[in-house]
Amino acid sequence: MSNFARPVHIGIDGVFYSLAHVPQLVRFGSKPARELVDRPSLQDELNGSLRSFTDAVAYAAHQTFIGNLTPEALRACKAPWFENSIEGASEKGRFGDLVDQGSFYRLLAQADQFNLVSLDQQWLAGLSRGVSDGQRLQLRTSDQIAALIQKGALPLGSGKRMAGCFEPGHAEDVNLTADILLENLAAKATAAHALSSLMASLQMAPMDVDYVISCSEEAVGDRYNRGGGNLAKAIAEQAGCMNAAGTDVKSFCAGPMYAMVHGASLIQSGLCRNVAVVAGGSLAKLGMKFQSHLEKRMPILEDVLASFAVLLGPPKKNQPCLRLNSASFHRVGAASSPQGMAEGLAEAPLKKLGMKLTDVDRYAVELHNPEITVPSGSGDVPRTNYRTLAALAVMRGQLKKDQMEDFVRDRGMVGYAPTQGHIPSAVSYLGHALDALRAGRIKNSLFISKGSLFLGKMTQLSDGCSFLIENAEESWRSNVEG
Amino acid sequence: MNFENQGVIKRLADQYGPENLAVVLGNGETSGVEVFAETVTEGDPSYAGPLAGVALKIPVYHVLEPEVTESVPENLRQEKLELSSLVIDVEPMRQVLQASREKLSTARL
């Protein structure tokens, strides 16, 4: 029997996902911002295709993301989802929530320690959702906000008026411009909201968190330290985790899987009792495919900043766990072809556990919402991933060719995650996986993430990380002593 | 087709002559294939990239079309293309690309 047959388990105590609906920040997404410079007239068209918060809440893919619909139920929903709203949909989910734009601006202002965000005091007073006392917000008059925008601050719109503005952090440093700092602070604010909400859902004091790992994608730093990072500590502070240390773990879209393996290793080594893995939303990716959506007369669906927080800890008996010694990494010398990736990230970890591809009940892959990607020609990403896994099973004689579609349906799922890079990459399924494992609907799930390192022009390599999750048969103590 | 790829193809065409080249696609989806083919035969239809107004007349194939797979050694075909051939439905793309190639050969006559 191989060394890997004996499981090394780390408990997954809970997960919380959040979607901040920010239609009026879509214009600051990388693609819309560039296109609007060339064609300012696009702004009206863009504005006319933005969704209301009610529509964003009732969107079936979002309801699945926050846990109110299972992926199986989503498959049965009538398409297109943007035309077939879920009746009675709630912004509060089983393991997540949706945050409206006004509330997001307040989270942004609360996360700001450098007077970057100014909120319009009249706008704030008129919000239907009240502001609790004790929040240190920088409030200004409408005239003052207008003057700052005139001088180059970014407008934070709310309907037809201004809710506030966002100022640059430095007069000369191109790494501290208003648009870059807005991206970074949006990641911090959304991740901190997810972490605080996770703590509340677990009825756990933030002071009891030992370590926070951020796998957000933003490059935080000044001109001497572009991407220097440690957004994790800023997020931990914002969430009140005053006893926690933290650091960032990044690998493009593969970041969350690596972050979970690193966090699990800190626990297994005995260095930490628990680790929170968090990520904030990616503002640059708002409206990434907006032109295709406009051409197809669809609403602009990339209008949310997605975030999540996971808490890892010692395993408890029958608890869903990360099987740490199943983790596989994409090696430098490994092939980057679809086949090479599937062999390295699916077949290899299973092989060392003595398992076949058909022994996995559910695969979590890149779960991009196809309603967003298909209109732009990017295809149905999860479906392609599932067909690739099925094809590998056929090549290995574990499946007949005419069973490929059964494999895709039974062991896969339809994509429902917003195209926020690190967010769709497998981790989006964790909440549903925990539910399905606890209920005994599945006995295991293989999480596979991939990263496009070549985008940074430092290497032509791809990357990836994978691991199995399953229920622990024994608690930490018996695991260690046994 | 992105500008970077257009630039690479233009550079290779300048270096080796477009009549000595074929472009081989690895797309998984049919959408976009027609524009790819048009770009390297008639020029960039968006008139924005390096191939704007440059009609290279290079024939385009998909890597899973028999014209290509038959020229790939068996061991390499198994290693690199077997899985993709199970995943990708090449037929719709083959129809588009065949039409493009026929147009090209008619124009050459």
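Guide: Helices (H or I, at least four residues) and strands (E, at least two) are DSSP runs numbered from the N terminus. By that rule B:Thr41 is found in helix 2 (residues 33-41) of chain B. This is a predicted model, in which local features need pLDDT of at least 70 and side-chain atom pairs count only at pLDDT 80 or more, while totals for chains, interfaces and linings use all residues. Residues are numbered from 1 along each chain as its sequence is written, chains are lettered from A and ligands numbered from 1 in the order in which they are written, and side-chain values use heavy atoms, with hydrogens and water left out.

Visitor: Why is B:Thr41 called buried?

Guide: Buried means under 20% relative accessible area, exposed over 50%, and partly exposed in between (1.4 Å probe, protein chains only). B:Thr41 has 4%, so B:Thr41 is buried. Its contacts (heavy atoms within 4.5 Å), leaving aside neighbours within four places in sequence, include B:Ala55, B:Ile58 and B:Leu104.

Visitor: Why are the rings of A:Tyr258 and A:Phe329 counted as a pair, and which type of pair is it?

Guide: Nine aromatic pairs are found over all chains. For A:Tyr258 and A:Phe329 the ring centres are 5.5 Å apart and the planes are at 15°, so the pair is stacked. The rule for Phe, Tyr and Trp (its six-membered ring) asks for centres within 6.5 Å, and planes under 30 degrees apart count as stacked, over 60 as edge-to-face and the rest as tilted. A:Tyr258 belongs to helix 11 (residues 255-268) of chain A and A:Phe329 to strand 11 (residues 320-329) of chain A, 71 residues apart. A:Tyr258, at 11% relative accessibility, is buried, whereas A:Phe329, at 43%, is partly exposed.

Visitor: What makes A:Phe447 and A:Phe467 a stacked pair?

Guide: Their values are 6.0 Å centre to centre and 10° between the planes. A:Phe447 is in strand 13 (residues 444-451) and A:Phe467 in strand 14 (residues 463-471) of chain A, so the pair ties together parts 20 residues apart in sequence. At 0% relative accessibility A:Phe447 is buried, and A:Phe467, with 0%, is buried too.

Visitor: What makes A:Lys285 and A:Glu217 a salt bridge?

Guide: A salt bridge is a side-chain nitrogen of Lys or Arg within 4 Å of a carboxyl oxygen of Asp or Glu. A:Lys285 and A:Glu217 meet at 2.4 Å, N to O. Both residues sit in loops of chain A, 68 residues apart. A:Lys285 counts as buried at 18%, while A:Glu217 counts as partly exposed at 22%.

Visitor: Why are B:Lys10 and B:Asp14 about one helical turn apart?

Guide: They are four residues apart in helix 1 (residues 3-16) of chain B, so about one helical turn separates them. B:Lys10 is partly exposed at 28%, and B:Asp14 is exposed at 59%.

Visitor: Which residues form a salt bridge between the chains?

Guide: A:Lys457 and B:Glu4 do, with closest N and O atoms 3.2 Å apart. The interface of chain A and chain B has one salt bridge by this rule. Helix 13 (338-352) and helix 15 (381-395) of chain A each supply at least two residues of the side that touches chain B. Helix 15 gives the most, with seven residues.
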